[in-house]
Amino acid sequence: MLEQPEFGRRLRQLRRQLGKSQADLTGPGMSAAYLSRLESGARPPTQRAIEYLVDRLGVQAESFDVPPDSDLADILAASFTVFDKERDAEMRTMLQNVLDEAVDVDPQTRWQALSQLARLHGALGDYEDERDVLQEMRDLSDVMERPLLRVHSRIRFARTVRNLGDAESARQGVREALELSERHRLHVPATELLRSKLLLASVEAELGNLAEAVRQSSDVIDSLPRTEGALAAESFWVAATVQTRLGHYEQATAQLQRALAALDSREDLTLWMRLRLAAASLALQAGPPRIEEADACLRAVEPALGLAGTPRHHHEYLFLRAQLAFQKGETGEACELCRRAEEGLELLSYRDRIRLEVLRGLLDAAAGNEGALPRVRSLAAQVQQAGMLDLAAEVWRAVAEAPASPAESPGSV
């Protein structure tokens, strides 16, 4: 027979699994106060109490010989000690299961568990699941009426939906976070506020509000405590993104070079890697593409992928390699890399999903598929209709520069 406090935890677990309340178990043989002390571990069980509980629960006495499953607090604490990516999936499943079964959990513990579950979803590349958990986390913070948790939830939610291509929801989330912070005069770390404004600048640029994006980005850069480190690198990166949306590739390149120079790989290897993926992407978007520069960036990234790369980073890398191979005229290699990148299509950002579809269309056109270029033109019109004029221009340029298929060549029948 289990001893206290394990007996009490096992009793509470059995009761909840059977859908019974404490009131269901009280009666002439057991008072509510005694049952409560048993479950809390404050009193050892007598043989008579065990016989009573076995009868009321309808279980075998051996049920109290089995150690209780880990509760939410246990699993949550254990999840913070796990940093091995191979165990993330197992820990996520355990945390999800115990969350589904948990009842009478205090809201703050549940919020922390949701926060960790969202992190594990993101680490494993399941961004839609991450978004759904963050939505629940955001709603719970509203019910709790905890302003700081409301701010934190909204910022994380905004980042995730932005990566999924929902720029409008991202803008609403980050604006709400900034308004809450100001209204409640919260002591939010300065770096977190600056990163929130960077997110807003990025989203405004995505939605075509370029003047506002430039203003937000410039304000953050002017507020930087120093021009080195992760925050500075992120700030220059966002400034580069805004300049790209404006079509100012030289200015964008200059800002991205500042970002690359601001960060040492020992400070943040993941960000260091992402900056080089961004630099490779920008080099390939230039006209004409800067092939050697893109190749050098991707070669630098390759060793870091195994150390700090998520599934998303791996597929971004494959896609950029596919683009590079296409620009070099290595269509066979580009097709194979494109196929491998498409296996993780849902992991890519909306813009990269569009670019990957365009690349597949260009490869199909090069192989003689007559419907390929019309498909890419339709995609360009779709992006233009969505208001992403810079991306639409990029797609139209790719169509214009693509070799005509035999059916579209002058003089063809």
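Where do R215 and D219 lie? Both residues lie in helix α12 (residues 210-223). The legends below start there.

This is a predicted model, in which local features need pLDDT of at least 70, side-chain atom pairs count only at pLDDT 80 or more, and totals for chains, interfaces and linings use all residues. Residues are numbered from 1 along each chain as its sequence is written, and side-chain values use heavy atoms, with hydrogens and water left out.

**View 1. A salt bridge joins R215 and D219.**
A salt bridge is a side-chain nitrogen of Lys or Arg within 4 Å of a carboxyl oxygen of Asp or Glu. Here the closest N and O atoms are 3.2 Å apart. The two residues are four residues apart in α12, about one turn of the helix. Helices are DSSP runs (H or I, at least four residues), numbered from the N terminus. An α-helix has 3.6 residues a turn, so residues three or four places apart point the same way. R215 is partly exposed, with a relative accessible area of 41%. D219 is partly exposed too, at 34%. Buried means under 20% relative accessible area, exposed over 50%, and partly exposed in between (1.4 Å probe, protein chains only).

**View 2. R339 and E336 form a salt bridge.**
Their closest N and O atoms are 2.7 Å apart. Both residues lie in helix α18 (residues 331-342), three residues apart. R339 is partly exposed at 38%, and E336 is partly exposed at 35%.

**View 3. R266 forms a salt bridge with D264.**
The closest N and O atoms are 3.0 Å apart. R266 is exposed, with a relative accessible area of 76%. D264 is partly exposed at 33%. The structure holds 31 salt bridges. A network of them links R162, E206, R245, R351 and D390.

**View 4. The rings of F7 and F64 are stacked.**
Rings of Phe, Tyr and Trp (its six-membered ring) pair if their centres lie within 6.5 Å; planes under 30 degrees apart count as stacked, over 60 as edge-to-face and the rest as tilted. By this rule the count comes to one aromatic pair. Its ring centres are 4.9 Å apart and its planes are at 25°, so the pair is stacked. F7 lies in helix α1 (residues 6-17), and F64 in the loop between α4 (47-57) and α5 (72-79). The pair links distant parts of the chain, 57 residues apart. F7 is buried at 0%. F64 is also buried at 0%.

A nonpolar core is a set of buried Ala, Val, Leu, Ile, Met, Phe, Trp, Tyr and Cys residues joined through side-chain atoms within 4.5 Å. The largest has 44 residues. Among those with the most contacts inside it are F236, W237 and L271. L271 touches A230, A233, E234, W237 and L263, not counting residues up to four places away in sequence. Contact means heavy atoms within 4.5 Å. A second, separate core of 29 residues includes L72, L99, A118 and F157.

**View 5. Helix α19 is largely enclosed by the rest of the structure.**
The helix covers residues 350-366. Of its 17 residues, 13 are buried. G368 follows α19, and its phi is positive, near 95°.

Key: The expected span of a helix is 1.5 Å times one less than its number of residues.
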